Number of protein chains: 2
Amino acid sequence: MFHHTHGYKSHSLQLELVHRPTGPIIPGHTFRVSAVPAPVPSDLNEGDLLLETLYISLDPAMRGWLDDVRSYVPPVQIGEVMRAFCICRVLASRSPKAAAGDIVTAMNGVREIGILSDKHIEKPAFLPPGGKTTDLLGVLGMTGLTAYFGMMKIGNVKRGDTVVVSAAAGATGSVAVQIARIQGAKRVVGTAGSDEKCRWLVEEGGADVALNYKDPEFRRKFREATPDFVDVYFDNVGGEQLNMALARANRGARFVMCGGISQYNAEHKQGPKNINNVITMRIRMEGFIVFDYKDEYPTALGQLAQWLAEGKLKRKETILKGGVRVADEGMVQLYKGGNIGKLLIEVKNPDEERQSRL
Amino acid sequence: MFHHTHGYKSHSLQLELVHRPTGPIIPGHTFRVSAVPAPVPSDLNEGDLLLETLYISLDPAMRGWLDDVRSYVPPVQIGEVMRAFCICRVLASRSPKAAAGDIVTAMNGVREIGILSDKHIEKPAFLPPGGKTTDLLGVLGMTGLTAYFGMMKIGNVKRGDTVVVSAAAGATGSVAVQIARIQGAKRVVGTAGSDEKCRWLVEEGGADVALNYKDPEFRRKFREATPDFVDVYFDNVGGEQLNMALARANRGARFVMCGGISQYNAEHKQGPKNINNVITMRIRMEGFIVFDYKDEYPTALGQLAQWLAEGKLKRKETILKGGVRVADEGMVQLYKGGNIGKLLIEVKNPDEERQSRL
C-alpha cells in the first residue's frame, strides 16, 4: 500500500510560535524549534499524505499571519507550527492525487515532516524547459501567480502605461516588473533598497529605471522618473512609497495593493497622507490575495511557463541552507531586504540526495 | 436681438481670492468682496450668455479648489472669482441653448452677474412633480448625481449589503443613504456630527442607525452597528472614520471615495493607518468625480426625479440669505457642519421678485 523509498527520521524539527510579536520577529524568542516524533504512514487517514519538506518559501506575508487580527487567514496560534508554503516530496500517500516520490507544493509549514489532507496539496502539472524544482515556489508558484494576477487583473497594464513597482527586486516585484514590460508598458520604474538591487533591476530585471528608496534624493528622483505620471502602481511596501505614488498618480491610475512590507513590523503604522488623490485622480486602489484566483491558476501558470521557456521572464533566487533551524533568521533577513528575488530555505536538497545515492 | 425683462444693476458683487489658505478659510481675509462694473448684453460674443445668479451652491469640494496642487480642476488663482456652481437666470443670450428668462445651472462663480460660453451652462430638462428650483443644485443637480454615481457605479450597492455613509446628513450623504435604502441594502448606517442630525437621519433620512462621530463611544458604537461588517463605505470625510471603516470592511468591500472633508482644512493630513486591510479584505477603493459621468446625467436625473416624485427620496436644504457677501461665512459654516442637507446661498429669489412685481 505505502510506497516509500526513503529512510525515516524518528523526529521532525518544527518551528513553533511562542511569543506573538508586536514589532519585528526576534530570532530565538518569537519562535522555538522543537523536535517532535515524526509522523509515520500508519498515522494517515484516507485522503492524507505524508510529506517531507524540501524547500520552504519565505514570504513577507508571513509577518501578517502572526498578528491576532481579522484577515484572509486566521492568525497562527501560540504553540502552532509557523505557516509556510513548501515544496515537499510525498513519503506515503492514501490519496489518488499524488503518490510516494511525487513532488508537490503544500502549506506544510516550517517543519520537516508532516501530514496533510490532499485538499491542501497541489501536484504541479509540469516543469517547462528551463524550469527547476524551486520555481514551484517562485516564478511558477504563488510568487509568480501573485505578480501575474496583480499586474494583469488589478493593474490591467496596457501598452503605453507608466508602471511603478515597489520592492521590485523582491520575489513578486521582480516578476511584476517583467510582466509589465512584456505587456508593453512604456516605462517601468522599480524601487529597491540597495544600489546592487537597482543595478540588477536595470541590467537583468527589465526595469527602465531603478531607484534606491534609501537615497536622500529619492523623492526628487521618483518625480523625475515619472514625467508622465503613474498609470499602474504595484505596491509591495506601503508607507511613504505608497504616499509618493499617490502624489504622482495619473488620472484613472490603478493601484495594485499586493503588500505593505514597510509597515508589517511597525508598531505605529503610517497611513498615506495623500489618500485624497484617490478622489481627485479617480484612482482605483484594489487589494487582492492570490488564492482568490485559484480557478485561473492553470491558465496563468501556462503563460508564465511559456514566458520562462522563451527567455522573456528571468528569475533570481536566494537559498538559505540550514533548514528549519534558520527559518526565523531567514524571515528577519527578508524584512531587512537582504535578498534579491525569491528567498527560500533548503530543508533537503533532492538532487544532492540523489547524487549521494548514485 | 436681446430679450431681457429685468432692470440692470450697474455693478456686480463678486468674491475674489486674495490669500490662499493653508488651513481653514478665514472670513474677511481669504477672500474679498469686490463691486465690479456689471457686464451688459453688448459684451456678449457669439455663443455667450449673460447670467444673473439666483442661488450659489456651497460644497465641501470648494476648499480643495483653493489648494495649489494638481487636481481634477486647476486651482482658483489669486485675484480670480471663487469658483461655484450656481442656478442662474439668463438675462441675455447669443446662444441657441437658452433664451433670456430661462433658468440654467452653470459654474458662474460667487458673483452676481457674469458672462459664460454656452459650453459651460446646462439647461435643465424639467422639474418633476414636487421639484423646485433649488433642487437643481441639490437632489437634481451635482449633489444628487454625485450620490447616484457613487452609490450605483462605484459602490455597486446590492440587496443585503451593509452600507455606511459618512457625513450622512450632508447634501450628498443624505441622498447616498436613501439610494442605498432604495437599492435594498440590509442595513444603512449614517454618521454625522450632531445628535440633531442623527435624529433627522433615522426619523426622516432613511438610515437604520445614525452615529454621532463626536460621541466618545463612537468607535464601539461603530463596531456594534456593523455586526456583519461593511460592504459599501461611502466616504465624504476621510480621516479617522475612513480608518475605522477599513477596520470593519467585509471581504470584497467597495469604498466609494467621494470626499474627505475632515482633512481639507488640515495642515497635517492624516492617512488611514489601516490601509493594509485593502489587501487582506480585498477592498476596492475607488475615487470619482461626478463630471466623469456627464454622458449619463440624463438617465441618472430621470431616475432621481422619479424617486423624488414617488416620495422615495427626501431632501433638506439650508438657504443662507445675504448673497455674495455671506459666501465666505457660508463656506466656513459648511466645514463646521452647521447644516443639514444642501447648503445654498440665495443671491436673488426669483419667486419673491415675481411676487413683488405682481
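Copies are superposed by least squares on the C-alpha atoms of residues with pLDDT of at least 70 in both. This is a predicted model, in which local features need pLDDT of at least 70 and side-chain atom pairs count only at pLDDT 80 or more, while totals for chains, interfaces and linings use all residues. Residues are numbered from 1 along each chain as its sequence is written, chains are lettered from A in the order in which they are written, and side-chain values use heavy atoms, without hydrogens and water.

**View 1. The relation between chain A and chain B.** Chain A is superposed on chain B by a rotation of 180° with 0.0 Å of shift along its axis, at an RMSD of 0.0 Å. The two copies are therefore related as by a two-fold rotation axis. The C-alpha of Gly271(A) is the one in chain A nearest the axis, 2.0 Å from it. Of the contact residues of chain A (contact: heavy atoms within 4.5 Å), 100% recur in chain B, so that the same surface serves both copies.

**View 2. The fold of chain A.** Chain A has 11 helices and 15 strands; these are DSSP runs, with helices (H or I) of at least four residues and strands (E) of at least two, numbered from the N terminus. The C-alpha atoms fill a box of roughly 65 × 45 × 35 Å, taken along the principal axes.

**View 3. The interior of chain A.** Of the 358 residues in chain A, 57% are buried, that is, under 20% relative accessible area with a 1.4 Å probe, protein chains only. Among contacts between residues at least 6 apart in sequence, 69% join residues at least 24 apart.

Methods. Buried < 20%, exposed > 50% of the residue type's maximum accessible area, 1.4 Å probe, protein only.
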